[in-house]
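Biologist: Please walk me through this one. I'd like to start with how it is divided up.

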Amino acid sequence: MTGGERVARALAEVETALGTEAVVRSPGALWAYSADGNPDLAARPGGVVLPSRRADVAAAVAALHRHGVPVVARGAGTGLSGGAVAEEGGVLLDLARLDRILAVDEGEGWLRAEPGVTNLAVGRRAAGMGMFFAPDPSSQVACTLGGNVAENSGGGHCLKYGVTLQHVLALEAVTAGGGTLSLGGLAADLPGYDLLGLFVGSEGTLGVATEVTVRLLPAPEATRTVLMLFHREEDASETVSEVIAAGILPAAMEMMDNLAVAGVERGPYRVGFPPDVGAVLLVEVDGLEAGLDEQAERIAAIARRRGVREARLARDEGERALWWANRKTAFGAMGNLAPAYLVQDGVIPRSRLVRVLRRVREIARTEGVRVANVFHAGDGNLHPLILYDPAEPGAAARARRAGAAMLRVCVDEGGSITGEHGVGSEKREEMAYQFTPAELALMRSVRDAWDPAGLWNPGKVLPPERPGPTGTAVPSGSADGGV
Ligand SMILES: Cc1cc2nc3c(=O)[nH]c(=O)nc-3n(C[C@H](O)[C@H](O)[C@H](O)COP(=O)(O)OP(=O)(O)OC[C@H]3O[C@@H](n4cnc5c(N)ncnc54)[C@H](O)[C@@H]3O)c2cc1C
């Protein structure tokens, strides 16, 4: 039986169980599902299943896996590493209809929801109770809680509060063959291996989250947002390191360089930055009202020692919201500067910012591409945005080469090939630069234990194996094969 026939039979069973409105098969409609936020990594799925109830997820997975059909979970498709793309002819499980908030416990500080609820909807529900959900990816208007869990997403405010992993208390997940597991719980500690921790960040390769319980925190009493304009990017970077070294832990420290500023200033959330600004730093401190002005002043004083050109406090909530909207729409604003761009995502120790940014610029020069830097500076989470024109012969390849070289610099400096956008299919080869063959083999065995038939998001995250000299499998790109 061909793969196509297997998919057709499996989808017919899914239709019987879930109804015809739960299955998409028309080739035109399937194109709409062929990519996530990274259009370079497109592949048309064999079909799409849209469950409306959590029980439907288990029924659909049971039918698909019974026929040996790979399953790829999909939230909003805002991922940037090709994770929610069914590249091996599998079926997408679109969770958008599972968007209910199921329960909230204000006293205990948690919220339970279906995976298709947006990050912003969770944040708004929390805000209505005087609380907040800390992970706040810039894509929060669209991205889903399930996607946040699968990517272990970060955001502007994760410097002080931690990434998604630190805020997920429990999960229900449908795993291989349609079985259901409960992971984690409301109690402070649980015995045994941390399966919840393993699932968070597993990019849909261990199963699909169908219910997520997250921690809500009391909203801080007050906030101060400081915007700082620097002549030189180096001074902004040094300010970041020095603020942390001074024992101040801001909620957020976000940075944009001159080219990134040029992009956002042509977008809908213009702040009015001067065109010759070297870098912009957006810093937020929060907590008890008492002492916040002093913290903001200490930060401004550090920036003044670094020759800051201008530092000012947000006058009101409206101004603060504008500054954040300006920053959060920076990726899309690159469309104002070039017909195409590649988003990179790497992490480095904060103290290496100056050195690594210099290397990033050298690489861009060598490859003849322009690079705009937008990043969660406090976390050392860089996002070089590599601008290019796909109509120019060789430009896309040069952009990709530049991106890969930048990631290697991150690893060489003691960092990582991804901070928050995941590995997906985009960076699986780079995994062999980050990890040893033994470490990758251990990861592979963990994955096999959860998914013996290899039907959860196959091909993602781990580099492909190729036959070794003695018939053993070695990951491609491992030390003996080069990267
Ligand atoms: C403009 C822009 C800004 C961004 N900013 C940030 C940022 O600040 N921080 C950040 O971390 N990311 C950011 N991202 C990346 C992306 O938005 C996040 O990774 C987000 O969490 C993905 O959510 P999603 O619902 O779109 O997931 P999708 O893209 O649909 O899926 C992502 C991965 O999760 C898996 N998945 C989805 N739902 C489930 C589920 N229920 N169970 C198991 N696996 C599942 C998919 O199989 C896939 O591997 C940004 C993206 C864009 C386009």
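Modeller: Domain bounds here come from an automatic or database domain assignment. Keep in mind that this is a predicted model.

Biologist: OK. Which domains does the assignment give for the protein chain?

Modeller: It gives domain 1 (3–94), domain 2 (101–218), domain 3 (220–333), domain 4 (338–427) and domain 5 (436–475).

Biologist: Take domain 3 and domain 4. What separates their centres?

Modeller: The centres are 22 Å apart, taken over C-alpha atoms. In contact there are 20 residues of domain 3 and 15 residues of domain 4.

Biologist: Which elements supply the side of domain 3 that touches domain 4?

Modeller: At least two residues each come from α8, β13 (252–257), α9 (258–264) and α12 (330–333). The largest share belongs to α8, with seven residues.

Biologist: How do the residues on that side divide?

Modeller: Twelve are nonpolar, three are polar and five are charged.

Biologist: Back to α8. At what angle does α8 pack with α13?

Modeller: About 145 degrees. Helix α8 covers residues 233–245 and helix α13 covers 353–367, and their axes are 9 Å apart.

Biologist: Which residues meet there, α8 to α13?

Modeller: From α8 come E233, E234, S237, E238, V240 and S241. They meet L353, V354 and L357 in α13. By class, this contact has four nonpolar, two polar and three charged residues.

Biologist: New topic: sheets. In what order do the five strands of the open sheet come?

Modeller: The order is β5-β6-β10-β8-β9, with antiparallel pairing. The edge strands are β5 (101–105) and β9 (180–184), and each pairs on one side only. On average, neighbouring strands are turned by 15 degrees against each other, direction ignored.

Biologist: How many bridges join β5 to β6?

Modeller: Four, and the two strands run antiparallel. As one example, V104 has L111 in β6 as its bridge partner.

Biologist: Which strands does α4 lie across?

Modeller: Helix α4 lies across β5, β6 and β10, at about 140 degrees to β6. Helix α3 (residues 54–66) lies across β8 (168–174), β9 and β10, and runs at about 145 degrees to β10.

Biologist: Which residues of α4 are buried?

Modeller: N119, V122 and A126, in a helix that spans residues 119–127. They are on the same side of α4, because they cover an arc of only 65 degrees around the axis.

Biologist: Why would spaced-out residues point the same way?

Modeller: An α-helix has 3.6 residues a turn, so residues three or four places apart point the same way.

Biologist: And what covers the buried residues of α4?

Modeller: The cover includes β6 (110–113), β7 (131–132), α5 (145–151) and β10 (208–215).

Biologist: What about the sheet with four strands, what is the order there?

Modeller: That open sheet runs β1-β2-β4-β3, and the pairing is mixed. At its edges stand β1 (23–24) and β3 (71–74), each with a single partner strand, so one side of each has no neighbour in the sheet. Two bridges pair β1 with β2 (residues 47–49) in the antiparallel sense. V23 has V49 in β2 as its bridge partner.

Biologist: Last one: G82. Where does G82 lie?

Modeller: In the loop between β3 and β4 (91–94).

Biologist: Is G82 buried or exposed?

Modeller: G82 is buried, because 25 other C-beta atoms lie within 10 Å, and the cut-off for buried is 20 or more. Leaving aside neighbours within four places in sequence, G82 is in contact with D36, N38, L41, G424, S425 and E426. G82 and P39 are 43 residues apart in sequence, but 8.3 Å apart in space, C-alpha to C-alpha.

Note on methods
Residues are numbered from 1 along each chain as its sequence is written. This is a predicted model: local features need pLDDT of at least 70, side-chain atom pairs count only at pLDDT 80 or more; totals for chains, interfaces and linings use all residues. Two strands pair if DSSP finds at least two bridges between them. Axes are lines fitted to C-alpha atoms, for helices over the stretch in contact, and angles run from 0 to 180 degrees between N-to-C directions. Two residues are in contact if their C-beta atoms, placed from the backbone, lie within 7 Å. Ala, Val, Leu, Ile, Met, Phe, Trp, Tyr, Cys and Pro count as nonpolar, Asp, Glu, Lys and Arg as charged, and the others, Gly among them, as polar. A residue is buried if 20 or more other C-beta atoms lie within 10 Å of its own, exposed if 12 or fewer, and partly exposed in between; C-beta atoms are placed from the backbone. The arc is that of the directions from the helix axis to the C-beta atoms.
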